Amino acid sequence: MTTVTTRRSDRRVSPVFLGIVAVTAVTGWATWTGFAAQPGVAVFLFVTAAWIVSLCLHEYAHARTALHGGDITVGAKGYLTLNPLNYTHAVLSIVLPVIFVIMGGIGLPGGAVFIERGRIQGRWKHSLVSAAGPLTNVVFALVCTAPFWLDALDGVPADFRFALAFLALLQVTAAILNFLPVPGLDGYGVIEPWLSYGIRRQVEPFAPFGLLFVFALLMVPSVNGVFFDAIYAVLDALGVGDVERYCGEDLYRFWQGSSDFCAAVS
């Protein structure tokens, strides 16, 4: 029997997503070659476009895993096309994360695909659906940092290296934030199937406020310090040092003017 998931149009990659990938490729080339008159503009466009690509892949991973788990409705909802405009909360998944990157240099977790959990049987499958998104950020971070931990930076232009370092920082923050076991975040979705019915019912009303609670905590200086110490420790382990992180963010915020220090080490 033909189902909604077998229609080719449900799986065809969206031209919108392909356009974002094209912007990533072109601006990445401009950053690598120094073609752009203002390197900061090229870095800004490259990192922003690549970040949006990762957000789309994050949501796609949730949907694709749910499809294999039994939710055959994700295709008809457009989630398999990678089109950010098809997500149920495009503002939450795309616009707000980009704004947070611009304002604070932090990878805001998305969370927009609506999974019909009743169609999925088995606690492991439910946990995998929730884990699939942040695991995508982990893979993205490993790809971005590969030249660093493989000691393959010879010939990599400084601006491109800095851009990769900042993009990696965003991926690591997104992965860690998403994996927090806080209601409303993917980390809680991983453990929720293993909790008792009573605990799930008690926690459910707080799910819409989980992300707000996390960001309120991050406003506390001591908590913020511990959080970013953990981020930097992960990046250090992946070979990304303080200079690369700092100069990547400095280049990204080109409107503030590049620091003399980063210009000297480029």
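Me: What do buried, partly exposed and exposed mean here?

Reply: Buried means under 20% relative accessible area, exposed means over 50%, and partly exposed is in between. This is a predicted model. Phe179 has a relative accessible area of 33%, so Phe179 is partly exposed.

Me: Where is Phe179 placed?

Reply: Phe179 is in the loop between helix H6 (158–178) and helix H7 (186–191). Phe179 also belongs to a nonpolar patch on the surface, together with Leu135, Val138, Leu142, Trp149 and Leu150. The accessible area of the patch is about 520 Å² together.

Me: How do I read the span of a helix, for example H2?

Reply: Set the distance from the first C-alpha to the last against the span expected at 1.5 Å a residue. Helix H2 (residues 15–33) has 19 residues and reaches 27 Å, close to the expected 27 Å.

Me: Which residues of H2 are buried?

Reply: Phe17, Ile20, Thr24, Thr27, Gly28, Ala30 and Thr31 are the buried residues of H2. Seen down the helix axis, they fall within an arc of 160°, so they line one face of H2. The face turned away from that buried side carries Pro15 and Val26, which are exposed.

Me: What covers the buried residues of H2?

Reply: The cover includes helix H3 (39–69) and H6. Val43 lies in H3, and one of the residues that Val43 touches is Thr31.

Me: Is Val43 buried or exposed?

Reply: Val43 is buried, because its relative accessible area is 0%. Beyond four places in sequence, Val43 also touches Asp159, Ala163, Gly248, Leu251 and Tyr252. Val43 and Ile102, 59 residues apart in sequence, are 12 Å apart in space, C-alpha to C-alpha.

How values were computed. Residues are numbered from 1 along each chain as its sequence is written. This is a predicted model: local features need pLDDT of at least 70, side-chain atom pairs count only at pLDDT 80 or more; totals for chains, interfaces and linings use all residues. Side-chain values use heavy atoms; hydrogens and water are left out. Patches are made of residues with over 30% relative accessible area and no salt bridge: like charges are joined within 9 Å, nonpolar side chains (Val, Leu, Ile, Met, Phe, Trp, Tyr) within 5 Å. Accessible areas come from the Shrake-Rupley method with a 1.4 Å probe; for residues, only the protein chains shown count as cover. A salt bridge is a side-chain nitrogen of Lys or Arg within 4 Å of a carboxyl oxygen of Asp or Glu. Helices (H or I, at least four residues) and strands (E, at least two) are DSSP runs, numbered from the N terminus. Buried means under 20% relative accessible area, exposed over 50%, partly exposed in between (1.4 Å probe, protein chains only). The expected span of a helix is 1.5 Å times one less than its number of residues. The arc is that of the directions from the helix axis to the C-beta atoms. Contact means heavy atoms within 4.5 Å.
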